[in-house]
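Visitor: Could you walk me through this structure before I set anything up? I'd like to start with the sheet and then turn to pockets.

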Amino acid sequence: MILNLDTEFTPYGTENTITYKAFTFSGGEPHIKIISVLENVEEVIITHRIQSFNDIGMLLLATDALRNMGVRKLHLVLPYFPAARQDRLMVTGEPLSVKVYANVINSQNYDSVSIFDPHSEVTPALLNNCKVIDNYKFIESITQQLSKDLILISPDGGALKKIYKAAAYLQEYQVVEGSKSRDVKTGALTGFKVYTDDLQGKDCLIVDDICDGGGTFLGLAKELKVKNAGNLYLAVSHGIFSRGFEELEKVFTKIFTTDSFKTIEHKSCVQIKLKEILKE
């Protein structure tokens, strides 16, 4: 059976779903009560989208409730793993946040933990029983909607290894590397570069795992236009879009993402449901 803790996120459909009531006490504590009868149910898949620490709390409470009802095997589907970008210590006084979250998840002893397109190899290395869902089908579904003469753009060195793997899977597209500089103390971005002389008016698809404020992609877009790029498209597995779409839609013809983090309805954004990716 399946327990979808975010009712808008049902990557395995709605059949055999567990019903429950969830609420927050006046003191701020999340709470859950499972309504479904789970006699002789030994295995459950829990799906969730994490946007706050309270979401982690709800997950832990649900896990405990299921175990108290006799469920022996629990599989967790957590497509966006929180704090995955803070996977190294850069400044004195900061936590290694991804390890903190991984330790919390590991303490629950799930039989498997599935994550989608992790930010780096650190997250799956830290998680016990981790199953990685790659972004190949996501990118393939996008390229099928765009020009055959498309160039894939890596925004920085961190994304380069993954984009080459996706290109090898697709077996059709050229890859061009980009780069930037970031001040680790302030987060300011400078020095955007695209390592090619002339893009010859070809359409370009920037591929990355996360879009938060979008500064990386706006800076890179300017350099792509300097290098004679055609239409610009953006594909990000996890769409946070904390600053909205106003600036992004000025430079990108279309923005593609999944529903791994939240549900989005915007004219400039095409959201591909993970349900469509997983069924493959």
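Predicted model: local features only at pLDDT ≥ 70, side-chain atom pairs only at ≥ 80, totals over all residues.

Visitor: OK, what's the strand order in the open sheet of five strands?

Guide: The order is S1-S4-S5-S6-S7 with parallel pairing, where strands are DSSP runs (E, at least two residues) numbered from the N terminus and two of them pair if DSSP finds at least two bridges between them.

Visitor: And which are the edge strands?

Guide: Strand S1 (2–4) and strand S7 (130–133), each pairing on one side only. S1 pairs with strand S4 (residues 43–47) over three bridges, and in S4 the bridge partner of asparagine 4 is threonine 47.

Visitor: Switching topic, what volume does the largest pocket have?

Guide: About 1600 Å³, taken as the space filled by probe spheres set on grid points joined across faces, edges and corners. A pocket here is an open set of points on a 1 Å grid over the protein atoms alone, where a 1.4 Å probe fits, with protein on both sides within 12 Å along at least five of seven lines; lining residues have an atom within 4 Å of a point.

Visitor: Which residues lie nearest its centre?

Guide: Of the 47 residues lining the largest pocket, Arg85, Asp87, His119, Asp156 and Arg182 lie nearest its centre.

Definitions and conventions:
Residues numbered from 1 in each chain as written. Heavy atoms only, no water. Helix = DSSP H or I, 4+ residues; strand = E, 2+ residues; numbered from the N terminus.
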